[in-house]
Structure formats: C-alpha cells, structure tokens
Amino acid sequence: MFPETVRKIAEEVFRDVGSLVSVVTSGRLDKLEGYKVMEYDWNTGRNISRFYSPFTGNHIRKIRVKPGLRNLDKWAFYGLRTLKRVYLPDGLVTIGEACFRNSGLEQIGIPRSVRSIGMDALRGS
C-alpha cells in the first residue's frame with residue numbers, strides 16, 4: 001500500500017520487481033501513467049510500438065484503487081497478463097486509451113462516475 005503522501009506513480013517505477021502481486025493505491029493519488037515508445041526495427045524496416053506501465057514485468061493479480069484518483073492515464077496497466085481483478089473507485093472520471101489493453105483482466109467494475117473510456121481501453125483483455 002502506498003502512503004498518503006504519494007501523488008503520482010510514473011512509468012516503470014516498479015518495472016521487473018517480479019514479486020509484486022497486489023497493489024493498493026493511496027487516497028491522494030492524482031496520476032498513474034504509462035507510456036508508448038516508437039522504435040525502428042532495422043531488420044524488418046518497420047516501426048514497432050512498445051508500451052510500458054508503472055508495473056511492467058510484474059505478476060500483479062489484483063489492483064485496488066482507492067477514492068481520490070480521477071483519471072487512469074493511457075497504458076497505465078497495459079500488458080499485465082496476470083492481472084485478474086481491478087477495483088476502481090467512485091469518483092473516477094476517465095479510463096485512458098489502452099489502459100488495460102492486453103492484460104489478463106477477468107473482472108472489473110466501472111463506477112457510474114466514469115464519463116470517458118479511451119480507445120482500446122479493454123482490448124485483448
């Protein structure tokens with residue numbers, strides 16, 4: 001669990017920790033962000049997209065987001081194949097583009113407060 005003083009969790013903060021299986025955010029969290037990188041593959045002559053979340057390379061099964069977070073940014077939980085359950089708080093307004101894309105998500109409750117769900121937010125889940 002994060003202390004109440006944590007306001008932002010940036011991309012790759014917990015990359016490849018490996019033993020992380022559950023995440024509970026603080027009620028003061030404002031921002032949870034992932035990012036996308038375009039790379040050129042010289043072998044194929046094509047651009048390749050790579051996505052990174054704060055939790056890339058971990059075996060997270062459950063995430064509980066406490067009230068206070070209003071926006072889940074793009075790619076925040078992208079590619080977390082072991083992710084099964086997500087608990088989102090009332091008051092959440094936006095679920096960003098590809099937020100849960102290519103995750104193993106089996107259960108999610110989207111609160112009534114959500115006004116916007118980005119493109120491909122749940123694709124491949």
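Which residues does Gly91 touch, not counting residues up to four places away in sequence? I started my notebook with this one. The model I am reading is a predicted one.

**Entry: Gly91**

I looked up the contacts and found Leu69, Arg70 and Ser113. Next I checked the place of Gly91, which is the loop between S8 and S9. Is Gly91 buried or exposed, or something in between? Its relative accessibility is 28%, so I wrote down partly exposed, as that class runs between 20% and 50%. I also looked up Lys66, which is 25 residues from Gly91 along the chain. The C-alpha atoms of the two are separated by 9.8 Å.

**Entry: the aromatic pair**

How many aromatic pairs does the structure hold? I found one. The partners are Phe77 and Phe100, with ring centres 5.2 Å apart and planes at 10°. Planes under 30 degrees apart count as stacked, so I noted this pair as stacked. Then I asked where the two residues lie. Phe77 is in the loop between strand S7 (71-72) and strand S8 (85-87). Phe100 is in the loop between strand S9 (94-95) and strand S10 (107-109). The pair therefore ties together parts that are 23 residues apart in sequence. I checked burial too. Phe77 has 1% relative accessibility and counts as buried. Phe100 has 0% and counts as buried.

**Entry: Ser103**

I moved on to Ser103, in the loop between S9 and S10. Its relative accessible area is 2%, so I put it down as buried. What does its side chain join by a polar contact? I found the side chain of Ser125, at 3.1 Å. Leaving aside neighbours within four places in sequence, I listed the contacts of Ser103. Among them are Phe77, Gly79, Leu80 and Gly124. Phe77 is also one of the two residues of the stacked pair.

**Entry: a charge over a ring**

Which ring has the charged end of Arg64 over it? I found the ring of Tyr87, with the charged end 4.1 Å from its centre.

**Entry: positive phi**

Most residues other than glycine have a negative phi. I looked for residues that go the other way. Trp75 has a positive phi of about 60° although it is not a glycine. Trp75 has its place in the loop between S7 and S8, and at 10% relative accessibility it counts as buried. Ala98 also has a positive phi, near 55°. I placed Ala98 in the loop between S9 and S10. Its relative accessible area is 3%, so Ala98 is buried.

Conventions:
Residues numbered from 1 in each chain as written. Predicted model: local features only at pLDDT ≥ 70, side-chain atom pairs only at ≥ 80, totals over all residues. Heavy atoms only, no water. Phe/Tyr/Trp six-rings, centres within 6.5 Å; stacked < 30°, edge-to-face > 60°. Helix = DSSP H or I, 4+ residues; strand = E, 2+ residues; numbered from the N terminus. Buried < 20%, exposed > 50% of the residue type's maximum accessible area, 1.4 Å probe, protein only. Lys NZ or Arg CZ within 6 Å of the ring centre and 35° of its normal. Contact = heavy atoms within 4.5 Å. Polar contact = N/O pair within 3.5 Å; in protein donor to acceptor, adjacent residues only side chain to side chain.
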